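Good morning, and thank you for coming. Please look at the sequence and the structure on the screen, and we shall go through them together.

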Amino acid sequence: MKKTYLIKTFNLIQNLFALFAFEVIANLLLRLLNYIIEKESAATFTLFLQVEKISISLSSWLNLAETFTFTLLAVFLAIGVFVKAKDDSIWNIFKSIWQTYHFRHFMVQSERTEKTIEMQKVQSINLIYNNFNKAVRKCVIDVSTNKIIIFIKVPNSQQSQKILKEMESQIREEISSRNPDYFFSAPDRIKNSMWFIGTKR
């Protein structure tokens, strides 16, 4: 199964958005720090002057990083919009994003379990569910007018794969209920990915 452009770039664009947001917030905090130092009379001290120099230097580097990240985002998004507009509908981009995040929420398992040890409740992380969640958080749904493609990354561990296998009927029911105008085939496992294909009725 060949990945569409949206499936190839969805997680990359998501990570770039998160990185860009971090860069913007960090830059704003550095500018605020510079402003406070300049306004304070204590800024004449050598220590504060050194901090200000470092802060200004970091801020300039962050400006470059912001520009680079924003440019990458703009390029990937522009290509994605062009591809959808050429072959399908731009509106389906928003449908794909909405369905992807709802589907990820449906797939994720609760990692934390409570155990009682010596009359005290202790929380622990279930490593099997942790491995499963890392994989399914990368799943993507690509909605188009005549077809819906669901890409699910298969977890590494055998126990996590067993959970995914047991969920196949639930997954099909979930995606069918959200897209009643499409008929979904049985899942197709190819290497470390699982695919559900929905065709227009």
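This is a predicted model: local features need pLDDT of at least 70, side-chain atom pairs count only at pLDDT 80 or more; totals for chains, interfaces and linings use all residues.

Let me begin with a question: how many bridges join strand S5 to S7? The answer is 3 bridges, between strand S5 (residues 182-184) and S7, and these strands run antiparallel. Two strands are said to pair if DSSP finds at least two bridges between them.

Residues are numbered from 1 along each chain as its sequence is written, and side-chain values use heavy atoms, with hydrogens and water left out.

Now the overall layout. The chain has 6 helices and 7 strands. Helices (H or I, at least four residues) and strands (E, at least two) are DSSP runs, numbered from the N terminus. Read from the N terminus on, the order of elements is α-α-α-β-β-α-β-β-α-α-β-β-β. Of the 201 residues in the chain, 33% are buried; buried means under 20% relative accessible area, exposed means over 50%, and partly exposed lies in between, with a 1.4 Å probe and protein chains only. Contact means heavy atoms within 4.5 Å. Among contacts between residues at least 6 apart in sequence, 64% join residues at least 24 apart.

Let us return to strand S7, which covers residues 193-200. Because 6 of its 8 residues are buried, S7 is largely enclosed by the rest of the structure.

S6 and S7 form a hairpin with 2 residues between the strands. Lys 191 lies in this loop, and its phi is positive, about 55°, although Lys 191 is not a glycine. Is Lys 191 buried or exposed? Lys 191 is exposed, with a relative accessible area of 73%.

S7 has a further neighbour to consider. Strand S4 (residues 147-153) pairs with S7 in the antiparallel sense over 7 bridges. Within that pairing, Ile 148 stands opposite Gly 198, and Ile 152 stands opposite Met 194. S4 is itself largely enclosed by the rest of the structure, because 5 of its 7 residues are buried.

S4 also pairs with strand S3 (residues 140-143), in the antiparallel sense and over 4 bridges. A hairpin of 3 residues joins S3 to S4. Across this pairing, Ile 141 has Ile 150 as its bridge partner, and Val 140 has Phe 151. From S3, Val 140 and Asp 142 point one way, whereas Ile 141 and Val 143 point the other way, and all are buried.

We turn now to the helices. Two packed helices are described by the angle between their axes and the distance between the axes. Helix H3 (residues 91-107) and helix H6 (residues 168-178) pack at about 150°, with axes 12 Å apart. Here axes are lines fitted to C-alpha atoms, for helices over the stretch in contact, and angles run from 0 to 180 degrees between N-to-C directions. The residues making this contact include Trp 98, Phe 103 and Phe 106 of H3, and Ile 171, Glu 174 and Arg 178 of H6.

Finally, the aromatic rings. The whole structure holds 5 aromatic pairs. Rings of Phe, Tyr and Trp (its six-membered ring) pair if their centres lie within 6.5 Å; planes under 30 degrees apart count as stacked, over 60 as edge-to-face, and the rest as tilted. Why does the pair of Phe 20 and Phe 70 count as tilted? The ring centres are 5.8 Å apart and the planes are at 40°, so the pair is tilted. Phe 20 lies in helix H1 (residues 5-39) and Phe 70 in helix H2 (residues 46-87), so the pair ties together parts that are 50 residues apart in sequence.
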